[in-house]
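I opened this notebook to record what I looked up in the structure, entry by entry.

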Amino acid sequence: MAMTEQRVSYTLDSSLETIDNAEEKATRVATELGFPDDEIMQISMAVREGAVNAVLHGNAYAPDKKVTLVFERSADDLIITIRDQGRGMDLSKIPNPLAPENLLKTSGRGIFLMRSFMDVVEIRPTDSGTELKLIKHVHGPTAGGKEASQ
Amino acid sequence: MSMKVGSRQVDGVVIVDCSGRITLGEGSVILRDTVRDLLSKGNKKIVLNLQDVNYIDSSGIGELVSAFTTTKNQGGELKLLNLTKKVNDLLQITKLYTVFDVKDDEASAVKSFK
């Protein structure tokens with residue numbers, strides 16, 4: 001996909017392949033938009049973690065449920081939306097992974113990593129599942145609405 | 001690139017050379033099975049050499065924690081060796097750098113076991 005359009009949307013299965021696929025697409029889009037290498041890694045990792053949440057915790061691998069992945073380019077931001085069709089999550093029940101009593105837990109770091117790597121992370125319930133919005137501000141020559149070169 | 005592991009003995013310590021990605025799915029499973037197999041054979045001094053691991057996600061981080069606690073619970077020690085910058089940064093932001101014993105050269109890692 002070339003990110004010359006302002007918005008690109010994918011509908012993906014609830015599978016492990018979707019997680020790798022989403023990460024690869026994010027890497028490609030971030031590269032095309034001219035993000036520096038460290039931010040490309042941050043964006044792709046945040047999208048991977050979001051896809052993991054959607055496939056595992058949202059849709060629970062259900063074959064009849066889909067994951068929607070949307071990349072949008074505004075003047076100053078890359079906006080990535082991941083929607084699932086699951087039961088949603090209660091953010092208040094996600095413990096702080098940096099608390100000493102949680103450091104040795106084997107899960108619960110995905111949302112923390114997304115928040116560490118992206119400028120904005122929003123999670124909200126929808127009529128049919130959960131919507132995750134990840135925003136990274138565009139800096140440098142591609143900022144201000146200029147399209148990235150292919 | 002999926003994950004690959006190879007292990008070798010150095011002065012009673014098992015060095016597990018890992019390469020590729022430790023992520024949800026195959027990579028995490030390979031790491032889990034490798035550590036469990038070593039422990040089941042009585043190897044309780046384990047070093048995970050992560051020099052060629054270029055990517056770890058939250059599941060992979062969880063698997064490292066699991067390997068660490070499983071080894072400790074069986075009376076052993078598991079240490080990390082040769083972190084790449086990406087993996088090092090991840091352990092820093094998750095505060096796990098304070099949990100793991102991280103070494104940057106193999107000889108001192110081997111020597112550090114009691």
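**Salt bridges.** I looked up Arg124(A) and found a salt bridge with Glu131(A), the closest N and O atoms being 3.1 Å apart. The model is a predicted one. I then asked: is Glu131(A) buried or exposed? Glu131(A) counts as buried, because its relative accessibility is 8% and the cut-off for buried is under 20%. Arg124(A), with a relative accessible area of 45%, is partly exposed.

I turned to Lys66(A), whose side chain meets that of Asp13(A) in a salt bridge at 2.4 Å, N to O. This pair links distant parts of the chain: Lys66(A) belongs to strand β2 (residues 66-73) of chain A and Asp13(A) to strand β1 (residues 7-13) of chain A, 53 residues apart. I noted both partners as partly exposed, Lys66(A) at 30% relative accessible area and Asp13(A) at 42% relative accessibility.

In chain B I checked Glu106(B), which forms a salt bridge with Arg8(B), the closest N and O atoms being 2.8 Å apart. Glu106(B) lies in helix α4 (residues 106-111) of chain B and Arg8(B) in strand β1 of chain B, so the pair ties together parts 98 residues apart in sequence. Glu106(B) is partly exposed at 25% relative accessible area, and Arg8(B) is partly exposed at 30%. I also recorded one network, in which salt bridges that share partners join Asp20(A), Glu23(A), Arg48(A), Arg21(B) and Asp57(B).

I traced an open sheet of five strands in chain B, in the order β1-β2-β3-β4-β5 and with mixed pairing. β1 (4-10) and β5 (102-103) of chain B each have a single partner strand and stand at the edges, so one side of each is left without a neighbour in the sheet.

I followed β1(B) to strand β2 (residues 13-22) of chain B; the two pair in the antiparallel sense over seven bridges. Val5(B) stands opposite Cys18(B) in β2(B). Two residues lie between the strands of this hairpin, where Asp11(B) takes a positive phi near 50°.

Strand β3 (residues 45-56) and strand β4 (residues 77-81) of chain B pair in the parallel sense over five bridges. I found Leu48(B) opposite Leu80(B) in β4(B). Helix α3 (residues 85-93) of chain B lies across β3 and β4 of chain B and runs at about 105° to β3(B).

**Lys44(B).** I located Lys44(B) in the loop between α1 (26-40) and β3 of chain B. Lys44(B) is partly exposed, with a relative accessible area of 36%. Leaving out residues up to four places away in sequence, I listed what Lys44(B) touches, including Leu39(B), Thr71(B) and Glu77(B).

**Chain A.** I counted three helices and five strands in chain A, which follows the pattern β-α-α-β-β-α-β-β along the sequence. Buried residues make up 49% of its 150 residues.

I examined the loop between β3 (77-84) and α3 (110-117) of chain A, where Asn102(A) is found. Asn102(A) counts as buried at 7% relative accessibility. Neighbours within four places aside, Asn102(A) is in contact with Pro95(A), Asn96(A), Pro97(A) and Arg109(A).

Ile94(A) lies in the loop between β3 and α3 of chain A, and is partly exposed at 32% relative accessible area. I recorded a nonpolar surface patch formed by Met89(A), Leu91(A) and Ile94(A), with about 200 Å² of accessible area together.

Note on methods. Residues are numbered from 1 along each chain as its sequence is written. Chains are lettered from A and ligands numbered from 1 in the order in which they are written. This is a predicted model: local features need pLDDT of at least 70, side-chain atom pairs count only at pLDDT 80 or more; totals for chains, interfaces and linings use all residues. Side-chain values use heavy atoms; hydrogens and water are left out. Two strands pair if DSSP finds at least two bridges between them. Helices (H or I, at least four residues) and strands (E, at least two) are DSSP runs, numbered from the N terminus. Contact means heavy atoms within 4.5 Å. Axes are lines fitted to C-alpha atoms, for helices over the stretch in contact, and angles run from 0 to 180 degrees between N-to-C directions. Buried means under 20% relative accessible area, exposed over 50%, partly exposed in between (1.4 Å probe, protein chains only). Patches are made of residues with over 30% relative accessible area and no salt bridge: like charges are joined within 9 Å, nonpolar side chains (Val, Leu, Ile, Met, Phe, Trp, Tyr) within 5 Å. Accessible areas come from the Shrake-Rupley method with a 1.4 Å probe; for residues, only the protein chains shown count as cover. A salt bridge is a side-chain nitrogen of Lys or Arg within 4 Å of a carboxyl oxygen of Asp or Glu.
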